[in-house]
Amino acid sequence: MNPESCKAWQTLDALAAKRGRIDTLLRTEPDRARQFTFEQCGLRLDVSKTAITAESMRCLVQLARETGVAERMNAMRTGEAINTTENRAVLHIALRDLDGHLVTDYGIDKHKAVLAQLSRMRELSDDIRSGQWRGFSGKRIRHVVNIGIGGSDLGPKMVCEALRHMHSSELTVHFASTIDETHLPNILRELDPEETLFSISSKTFTTQETMYNARNARQWVLDHFSNSDAIASHFIAVSSNTEAAVAFGIREQNLLSFWEWVGGRYSLWSTIGFPICAAIGYAQFEELLRGAHALDAHFFTAEFEENLPVLLALCGLWHNNFCHHHSLGVIPYNDALGLLPMYLQQLDMESNGKSVRLDGETVTYATGPVVWGQSGSNGQHAFFQLLHQGTDVIPLEFVFAVNRDTSNPEQHRALLGNMLAQSNALMRGEEADAEHRHLHYAGDKPSISIALDQLTPSRLGALIALYEHKVFVQGAVWNINSFDQWGVQLGKRLANQIGTDFSRPNTDMDTSTQATIAWIHDQLS
């Protein structure tokens, strides 16, 4: 259906047009902070600094019901092929359902396969972390280089960075993703081939960027050892293409797998999470899974009025579709979470950057917002000027961890004080007299805060699951497929058409592209 035809959508349009200022709502509603703050799974969601009222929230919840969000949730949980353009189920939630009780009707064999792969990943990571795995020359592995891109890079890298305080002192994990010829060599420059293990993460084992880097890594190892047998001691693979991985030189017993019902941007919970296991150990990785699962259980059982992912999604719909704010800044006030905005860019923009509904009709309303951001301390001295006094209203999501156990409590409180000051200033604003108009701050800028009581694997898992389900709910309301990425595939296809031989004209391309190809050829000749 077209969500604009829903009665709740039309009511929300009218409510947004006459919405009051946020500072006025906070001043005139003494119970507002309590009414619009929700807690679950160690997370605290505060949406009181938005212009949403009790009435508009009721309408937003009604919109979710009218657009069939509950039915779509059940379809995911029961393993229906909700990725309709690829006829695939979407079961990343099964990867963290370790006891097999939440996800139903998707087959006992799948659950057993998940547990078997997790067990194998535990064995490999334990061998590496304990020093039992030895390189070709007998030295202990001290560096793991993950080679992947997109979901095979962003999720594991973000988690590893967030939990860096838990890393093994005996092992360092690195990430190589881009096709830029300097990227991997810059990583390898300080590494010893005899102490380095590569993990090639590619479902098909054909991804262009990944395979360029994988071949270069293999050559780096061969140049050092001058023996092809060394490959087996310095490479593992995470892939569904066993034949290609074995042909590359990887032992079959060192091959981890995952499945077509695991989308790339939802794959960190699978064996794609191997670098996380290597960095923090399997027990902590399992805590990450269990934290996400706890949030899953909440998502699938809680009423919409108390459901954290649903409420966060509805606030985003309010800003995007009814207040017409089409940008979203994610601002972590913990440096450990500094890669979260980059991770969420893929999760949100690749999922909901769509303009065609499930019924094939063109979308006539805004879908996924532009998601961006960086750590708050740096942002305050960069883009916050525009947020406070620019002409666009850009909603923010402040993400932070309280972290009771900290080595420098005073400095940590100063960090959180800065975050609170920013959210307050954006909401409140400040008047200026006629002679000092440059000191005028309009205020009425909405922000949401998402707090973790501690930055632990469990809480981080819950936070990631919160955002996953938020994106899913918004896609369900917009009646789009949040689980394909045909725009990404178009770019890959055209890159293959252009190829690497710039010496011949490519008449399939437009004249501008042809001219640039010719110029590049001249520069490289």
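This is a predicted model: local features need pLDDT of at least 70, side-chain atom pairs count only at pLDDT 80 or more; totals for chains, interfaces and linings use all residues.
Strands of a sheet pair through backbone hydrogen bonds, either parallel or antiparallel. Here five strands form an open sheet with parallel pairing, in the order β4-β3-β5-β6-β7. Its edge strands are β4, residues 172-176, and β7, residues 255-256, each of which pairs on one side only. Further in, β5 (residues 196-201) is joined to β6 (residues 235-238) by four bridges in the parallel sense.

Helix α9, residues 208-225, lies across β3 (143-147), β4, β5 and β6, and runs at about 160° to β5.

Aromatic residues come next. A pair of aromatic rings is described by the distance of the centres and the angle of the planes. The structure holds 16 aromatic pairs. In one of them, the ring centres of Phe198 and Trp220 are 5.8 Å apart and the planes stand at 90°, so this pair is edge-to-face. Because Phe198 belongs to strand β5 and Trp220 to helix α9, the pair ties together parts that are 22 residues apart in sequence. Phe198 and Trp220 are both buried. The pair of Tyr282 and Phe285 has its ring centres 6.2 Å apart and its planes at 45°, so it is tilted. These two residues lie three apart in helix α13 (residues 282-301), which means that about one helical turn separates them. Tyr282 and Phe285 are buried as well.

Ring pairs also build a cluster, made of Phe198, Phe205, Trp220, Phe235 and Phe248. Elsewhere, charged groups sit over rings. The charged end of Arg32 is placed over the ring of Phe36, 4.6 Å from its centre, and that of Arg96 over the ring of Trp269, 4.5 Å from its centre.

In soluble globular proteins, nonpolar side chains tend to be buried together. The largest nonpolar core in this model has 123 residues, and Trp318, Leu460 and Leu463 have the most contacts inside it. Helix α19, residues 457-478, gives the most to this core, with 13 residues. Beyond its neighbours within four places in sequence, Leu460 is in contact with Met158, Val159, Ala162, Leu163, Leu288, Leu337 and Leu452. Another core, of 24 residues, lies apart from the largest one and has Phe205, Phe225, Phe248 and Leu255 among its members.

Technical notes:
Residues are numbered from 1 along each chain as its sequence is written. Side-chain values use heavy atoms; hydrogens and water are left out. Two strands pair if DSSP finds at least two bridges between them. Contact means heavy atoms within 4.5 Å. Axes are lines fitted to C-alpha atoms, for helices over the stretch in contact, and angles run from 0 to 180 degrees between N-to-C directions. Rings of Phe, Tyr and Trp (its six-membered ring) pair if their centres lie within 6.5 Å; planes under 30 degrees apart count as stacked, over 60 as edge-to-face and the rest as tilted. Buried means under 20% relative accessible area, exposed over 50%, partly exposed in between (1.4 Å probe, protein chains only). A charge sits over a ring if NZ of Lys or CZ of Arg is within 6 Å of the ring centre and within 35 degrees of the ring normal. A nonpolar core is a set of buried Ala, Val, Leu, Ile, Met, Phe, Trp, Tyr and Cys residues joined through side-chain atoms within 4.5 Å.
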